[in-house]
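Subject: Structure handover

Hello,

The structure you were to receive is below. My notes on it follow, with the cut-offs stated where a term first comes up.

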Amino acid sequence: MSPSLHTIAIVLILGTTTCAHGAELPIFDAHIHYNQDVWEVVPPKEAIALLRKAGMVRALVSSSSDDGTQKLYAEAPDLIIPELRPYRTSGEISSWVHDESIIVHVKDRLKKYKYVALGEFHVSGAKADLLVVRLIVQLAKQHGLMLHAHSDADAVERMFRQDPEARILWAHAGYEQPPRVREMLHRYKNLWVELSSRPDIAPKGHVEAEWRELFLEFPDRFMVGTDTFTTERWNVVGSNASSVRKWLAELPVEVAEHIAYKNGESLLTAGFSTRR
Ligand SMILES: [Zn+2]
């Protein structure tokens with residue numbers, strides 16, 4: 001084993017990385033799901049313990065069904081920030097845009113529980129102009145909620161045309177490349193970008209130059225996340241946080257802190273901050 005591999009192995013075993021500036025960076029994880037198939041395998045107490053062990057100070061949670069989010073929130077209101085995923089089951093990822101009964105469901109949940117966002121939902125291209133998506137954008141406006149969209153740039157633009165004052169958290173940076181992300185951030189002041197499942201940011205453990213430039217240009221517009229969309233993803237909550245800290249440590253400390261947790265804290269904790 002080479003010395004560098006050896007170091008990586010030690011870091012993985014310890015499950016923790018300190019940033020170049022000393023103390024371990026707290027993380028606001030902006031992309032956690034606690035879906036129905038996970039509830040028995042990783043019970044709520046265990047899920048919360050995994051998040052805390054990974055050094056998370058907050059987690060933006062959405063689940064199929066939303067009962068998963070409520071289970072985690074009941075367990076740790078100081079840690080969990082609930083967002084309302086429109087799906088009643090995981091099987092609705094692509095059908096929901098054609099299903100008006102989703103709106104009845106969402107309105108019902110909004111009456112019962114408190115949320116900071118609607119999402120994460122999946123919609124691409126022209127489908128963002130379908131009635132159900134339009135109604136979701138309107139509900140977000142009425143309730144002062146952010147939209148957490150797993151969408152290409154085209155769909156994000158369509159939602160901003162529906163409501164120019166919408167606030168959108170762009171999951172996975174839409175899997176768009178840095179020049180397109182930059183263009184979007186310049187054009188839309190209410191667009192924030194969440195970086196889960198983007199191995200191209202630091203493919204060899206070091207942050208890529210194009211991304212670095214973007215982070216320095218827009219330090220207030222990025223957040224990190226794990227995206228626990230399967231049971232297996234709960235196994236990598238700790239190691240994902242470690243690799244995120246590793247590339248964040250290559251940025252100026254102020255920028256790293258904003259991306260790690262400060263942006264999430266200032267944007268997504270309204271109404272929940274007193275619970276800490
Ligand atoms: Zn997701």
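For 276 residues, a compact globule would have a radius of gyration near 19 Å, and the chain agrees with that at 18 Å. The radius is taken over C-alpha atoms, and the globule rule is 2.2 Å times the number of residues to the power 0.38.

Two points on conventions. This is a predicted model, in which local features need pLDDT of at least 70 and side-chain atom pairs count only at pLDDT 80 or more, while totals for chains, interfaces and linings use all residues. Residues are numbered from 1 along each chain as its sequence is written.

Overall

Along the principal axes, the C-alpha atoms of the chain fill a box of roughly 55 × 40 × 35 Å. The chain has 10 helices and eight strands (DSSP runs numbered from the N terminus, with helices being H or I of at least four residues and strands E of at least two). Of the 276 residues, 42% count as buried. Buried here is 20 or more other C-beta atoms within 10 Å of the residue's own, exposed is 12 or fewer, and partly exposed is in between, with C-beta atoms placed from the backbone. Among contacts with a separation of 6 or more, 71% are between residues 24 or more positions apart; a contact is two C-beta atoms, placed from the backbone, within 7 Å.

The largest nonpolar core has 78 residues. By nonpolar core I mean a set of buried Ala, Val, Leu, Ile, Met, Phe, Trp, Tyr and Cys residues joined through C-beta atoms within 7 Å. Which members touch the most others? They are Ile-27, Leu-147, Ala-149, Val-156, Met-159 and Trp-170. Helix α10 (residues 253-268) gives the most to this core, with six residues.

Val-156 and Met-159 are also among the buried residues of helix α6 (residues 153-162).

Helices α2 and α3

Two packed helices are described by the angle between their axes and the distance between the axes. Helix α2 (residues 44-53) packs on α3 at an angle of about 70 degrees, with the axes 9 Å apart. That makes α2 roughly perpendicular to α3. The axes are lines fitted to C-alpha atoms, for helices over the stretch in contact, and angles run from 0 to 180 degrees between N-to-C directions; under 35 degrees counts as roughly parallel, over 145 as roughly antiparallel, 65 to 115 as roughly perpendicular and the rest as oblique. In this pair, Pro-44, Lys-45, Ala-47 and Ile-48 of α2 meet Lys-71, Leu-72 and Glu-75 of α3.

Backbone points to check

Most residues other than glycine have a negative phi, and most peptide bonds are trans. The items below are of the other kind.

- Ser-64 and Ser-65 are joined by a cis peptide bond, with omega about 0 degrees. Ser-65 lies in the loop between β2 (56-61) and α3 (67-75). Ser-65 counts as partly exposed because 17 C-beta neighbours are inside 10 Å. Leaving aside neighbours within four places in sequence, Ser-65 is in contact with Gln-36, Arg-88 and Thr-89.
- Gly-119 and Glu-120 are also joined by a cis peptide bond, with omega about -10 degrees. Glu-120 is found in strand β4 (residues 117-122).
- His-172, in the loop between β6 and α7, has a positive phi near 55 degrees. With 19 C-beta neighbours inside 10 Å, His-172 counts as partly exposed.
- Asp-227, in the loop between β8 (222-223) and α9 (237-248), has a positive phi near 60 degrees. With 21 C-beta neighbours inside 10 Å, Asp-227 counts as buried.

One further residue

Leu-110 is found in helix α4 (residues 101-112). Is Leu-110 buried or partly exposed? Leu-110 is partly exposed, with 16 other C-beta atoms within 10 Å. Leu-110 touches Leu-84 and His-143, not counting residues up to four places away in sequence.

Regards
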